[in-house]
Amino acid sequence: MGAVPHVPAARESAVLVPVPAAEHVVGRHRARLDRAAAEGVPAHVTILYPFVPPPQITAATIRVLTAAVGSVGFFDCRFPGTAWFGEEVLWLTPVPDEPFRTLTRVVMAAFPGYLPYGGAIADVVPHLTVGDCPAGGVAELRAAEADVLDALPVRARINRAWLMTGSREPGSWHAVAELPLAGG
C-alpha cells in the first residue's frame, strides 16, 4: 500500500490491526452500532489512538512506525467470545492478546509522546469493538451479542497493521500506510 498523500480533512490518526476475517460476523452490527464503522474504519484491534496529527505525519514517521511494527512477528489468533466495557461497549476478545499488547508497547516506545486513548485508560485491553452506545441502548447490543456468539470463533492471521487518518465525518478514514509484521 505504501504512503499516500495527506488528506486535508483528516484530523486524527490511529495505528490499528485490521481484522477482515471478522467482517462477516460483525460487519452488519458495526454498521449500525459502531460510530467508527460509519467513519470508514474496518473491523480492527486498536494499537495506538490517537496517534501523530495527520499534518505532522512524514516519511520519517512512517519509517519509524514501520520498523516498530516490524519488530513483532506475525501471529494467529482467535476471537472466541464477547466481553463488555460496562454496558456501553460490546467487543470480541482476542486470544492471545499479548501480541497486540506488545505492538502497543513497541509503538509507544517509538513515539513516547502518544499514549493510548490520550492516557485516559491505564490498562489498555486489546479488543475488537462490535458496538458502542447505540441509540437503542443496551438491548440492541445484547441482541447483536446473541447473533455474534452463534458465529464465533473468528480465526485470523495477524500479519500487518495500518496507519489510518480521518475525522468524525462519514467515510473519512483511509489507510495511509500498511505496516507488515515480521515474517508476515
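Strand E2, residues 44-48, is mostly covered in this predicted model, with five of its five residues buried. Buried here means under 20% relative accessible area, exposed over 50% and partly exposed in between, using a 1.4 Å probe and protein chains only. Strands (E, at least two residues) and helices (H or I, at least four) are DSSP runs numbered from the N terminus.

The model is predicted, so local features need pLDDT of at least 70 and side-chain atom pairs count only at pLDDT 80 or more, while totals for chains, interfaces and linings use all residues. Residues are numbered from 1 along each chain as its sequence is written, and side-chain values use heavy atoms, leaving out hydrogens and water.

E2 pairs with strand E1, residues 12-18, in the antiparallel sense over four bridges; two strands pair if DSSP finds at least two bridges between them. Two of the bridge partners are listed below.

| Residue | Bridge partner in E2 |
|---|---|
| Val 17 | Val 45 |
| Pro 18 | His 44 |

Both strands belong to an open sheet of four strands in the order E2-E1-E7-E8, with antiparallel pairing. Its edge strands are E2 and E8 (174-180), each of which pairs on one side only. Direction ignored, neighbouring strands of the sheet are turned by 35 degrees against each other on average. Helix H4, residues 98-110, packs on the sheet and touches E1 and E2, and its direction makes about 30 degrees with that of E2. Axes are lines fitted to C-alpha atoms, for helices over the stretch in contact, and angles run from 0 to 180 degrees between N-to-C directions.

Helices H1 (residues 23-33) and H5 (residues 138-151) pack at an angle of about 170 degrees, with axes 9 Å apart. This angle makes H1 roughly antiparallel to H5, a term for angles over 145 degrees. In their contact (heavy atoms within 4.5 Å), H1 contributes residues including Val 25, Arg 28 and Leu 33, and H5 residues including Glu 140, Leu 141 and Val 148.

The largest nonpolar core has 42 residues, of which Phe 79 and Leu 163 touch the most other members. Such a core is a set of buried Ala, Val, Leu, Ile, Met, Phe, Trp, Tyr and Cys residues joined through side-chain atoms within 4.5 Å. Another core, of nine residues, lies apart from it and includes Val 41, Trp 162, Trp 173 and Ala 175.

Methods: Angles under 35 degrees count as roughly parallel, over 145 as roughly antiparallel, 65 to 115 as roughly perpendicular and the rest as oblique.
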